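Trainee: I would like to learn how to read a structure, feature by feature. Where do we begin?
Mentor: Have a look at it, and then we will start with strands.

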Amino acid sequence: MKPSAWLIVLAVPASLLWALWQGSVDIPARDLLSALGGGGDEVTREIVWGLRAPRALSAFVCGALLALAGALLQVLLRNPLADPFILGVSGGASVGALAAMLAGAALALQHLFALAGAALAAAAIFAFSLRPSGWNAYRVVLAGAALSAGFGAIVSLLLTLAPAAQVQGMLFWLLGDLSGAKDPLAAWVVLALAALAAQTQAASLDILTLGEDKARSLGVAVTSVQTLVFVAAAAATMAAVLLGGALGFVGLVVPHLLRLVGYYGHRALLPLSVALGGSFLAAADALARSVAAPIELPAGVVTALIGVPTLLYLLLKLR
Amino acid sequence: MLKASGLSIEVAGRSLIEGLALEVERGQCWALLGRNGTGKTSLLFALAGLRRPHRGVIQIEGRPLADTPRRELALRLGILLQDEPADFWGSTLDYVLLGRFPRSRTAFAPDTDPREQAQRLLVELELAEHLTQPYRTLSGGERQRARIAQLLMQDPDCLLLDEPLQHLDLRHQLTVMQALAARARAGRALLMVLHEPTAAARFCDHALLLYHAGRIPQGPTNELLTQENLESLYQCRIEPVSAPGIQAFIPR
């Protein structure tokens, strides 16, 4: 394993520890470690295990899911600018959740509507793009762009119609915000399944970069691989969006960063995307909570503020 | 080895090939010649199992292509495509190693010894100094040789090649044709689209001439590649020039 891969792997515990350490209450490092081991005073244990751990694990899993989805979609669509939201999933989730909020539905029902909206968006993209001859990447991109624009218009309409008091809550779905993320278990299960499914196809994904005809001639069952990986990417995006909203740039930037430092083979790229995406968002969220404390910035703002210059730098470096 | 019968191919409603019967045996090297737009690439795609023919049956070792699983087919049949995306991120060696895919057992257990084989192929195709160079930074001719090295790494029983000499300088045209002829001598079956009748006459033992209107004569190159046939095929004057052991054809 290259030294940089070890660094990325080490970033996982480092970012999680940092996220547990940061917050509006100062906890000395020694107290943090003893609380993690089950010792220390009850208040510190409650802050670390009851408040910060679910938040840190939510941030990590969202980043990991988005980076995995981004890495998969970039190769499937043969488009370096593909990101998880190209599938229209976040737009669908936003419309579902905002409509439920406007109708005065309870929080659980809002999440159910968001899930339904996201699933409908993904299903619509699949229906437009899967042909008897296989997947059509252009159709995915175009249908995704069209649906996203449509969802954007509906979101604007809902925001216009919504009472001013509700608008603040609605922003969660639009900006990306982890302040409400408390139960990341389902997202971790999706991450495990999606990452495992994608990893079994790593070699086939390497070959898919040569084009579909070449991949078929080398023995890749192209349509089955694409279907499995599209479903994994859509499920990963849905799980991330439902937990943390539309957190931008993680899915776009992380896989590119890894490719630029030499991890282009998918056997390494996919697990490292999970590790780096998770660490990046866990650290960004910790920064968002602490930089202007006691005001919490939405994590999506921090990822975008780091992501935009990084992306521009990458574009300069790319020939 | 590779057998087609009653093969008809249409592209965009236009009939290009009608009722073709073809048998390519082990050890044979076939040249497929014809003017632009006569269906050479479409025929190669059909023979490789990448496009369904309009009518007819294609078999490999007596088994229809349509009934052969993809990975097994990749051990029997490989194809050099005319166009391929050039944005592969890995090195030239990584690129050639992808040819090993049909023989690797699972995605989790990559073989280790093929590196040596890939390096030998890169030496044979005069790419040894580009081993670690990113594939996407190679020149057109270097990429073409790397693509041929990948096909040789795949090492199928039957090699289909669409314009293997494109982008190559004279020296490397010779290198590539010698490498391909050696595979035929080793018992592989080859069928390649060529726009160089001189190379076809020198390195191939059989030829298939694809005319518009579906006329497809085939036979040994020394009988088929005549001035008269080539002039009628390419619709231009062609002058045969003989050198010791070589029959060249020069368009006038």
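Mentor: Start with strand 11 (residues 238-243) and strand 12 (residues 246-251) of chain B, which pair in the antiparallel sense over six bridges. Keep in mind that this is a predicted model.

Trainee: What holds such strands together in general?

Mentor: Strands of a sheet pair through backbone hydrogen bonds, either parallel or antiparallel. Now the case here. In strand 12 of chain B, Gln247(B) is the bridge partner of Ser242(B).

Trainee: How many residues lie between the strands in the hairpin of strand 11 and strand 12 of chain B?

Mentor: Two residues lie between them. Look at Gly245(B) in this hairpin: its phi is positive, near 75°.

Trainee: Now a sheet. In what order do the strands of the four-stranded open sheet of chain B stand?

Mentor: The order is 2-1-4-5, and the pairing is antiparallel. Strand 2 (14-24) and strand 5 (63-64) of chain B are the edge strands, each pairing on one side only. Strand 1 (residues 2-11) of chain B runs antiparallel to strand 2 of chain B, and seven bridges join them. For one bridge, find Ile9(B): its partner in strand 2 of chain B is Ile17(B).

Trainee: Which helix of chain B packs on that sheet?

Mentor: Helix 1 (residues 40-47) of chain B does. This helix touches strand 1, strand 2 and strand 4 (55-60) of chain B. Its direction makes about 130° with that of strand 1 of chain B.

Trainee: And what is the pairing in the six-stranded open sheet of chain B?

Mentor: The pairing is mixed, and the strand order is 6-7-8-3-9-10. Strand 6 (77-80) and strand 10 (218-220) of chain B are at the edges with a single partner strand each, so one side of each has no neighbour in the sheet. From one strand to the next, the twist averages 20°.

Trainee: How many bridges pair strand 9 with strand 10 of chain B?

Mentor: Three bridges, in the antiparallel sense, link strand 9 (residues 206-210) of chain B to strand 10 of chain B. Find His206(B): it stands opposite Pro220(B) in strand 10 of chain B. Helix 9 (residues 227-234) of chain B packs on this sheet and touches strand 3 (29-34) and strand 9 of chain B. The direction of helix 9 makes about 50° with that of strand 3 of chain B.

Trainee: How do I read two helices that pack together?

Mentor: Two packed helices are described by the angle between their axes and the distance between the axes. Now turn to chain A. Helix 1 (residues 3-21) and helix 2 (residues 29-36) of chain A pack at about 110°, with axes 10 Å apart. Helix 1 of chain A is therefore roughly perpendicular to helix 2 of chain A. Leu17(A), Leu20(A) and Trp21(A) of helix 1 meet Ala29(A), Leu32(A) and Leu36(A) of helix 2. By class, this contact has six nonpolar, no polar and no charged residues.

Trainee: At what angle do the axes of helix 3 and helix 8 of chain A cross?

Mentor: Helix 3 (residues 42-76) and helix 8 (residues 185-200) of chain A cross at roughly 30°, and their axes come within 10 Å. That makes helix 3 of chain A roughly parallel to helix 8 of chain A. Their crossing is left-handed. Residues in the contact include Phe60(A) of helix 3 and Trp188(A) of helix 8 of chain A. The contact divides into 14 nonpolar, no polar and no charged residues.

Conventions. Residues numbered from 1 in each chain as written. Chains lettered and ligands numbered in written order. Predicted model: local features only at pLDDT ≥ 70, side-chain atom pairs only at ≥ 80, totals over all residues. Heavy atoms only, no water. Axes fitted to C-alpha atoms, helices over the stretch in contact; angles between N-to-C directions. Parallel < 35°, antiparallel > 145°, perpendicular 65-115°, else oblique. Contact = heavy atoms within 4.5 Å. Nonpolar A, V, L, I, M, F, W, Y, C, P; charged D, E, K, R; others polar. Left-handed = near helix turned anticlockwise from the far one by under 90°. Pairing = 2+ DSSP bridges.
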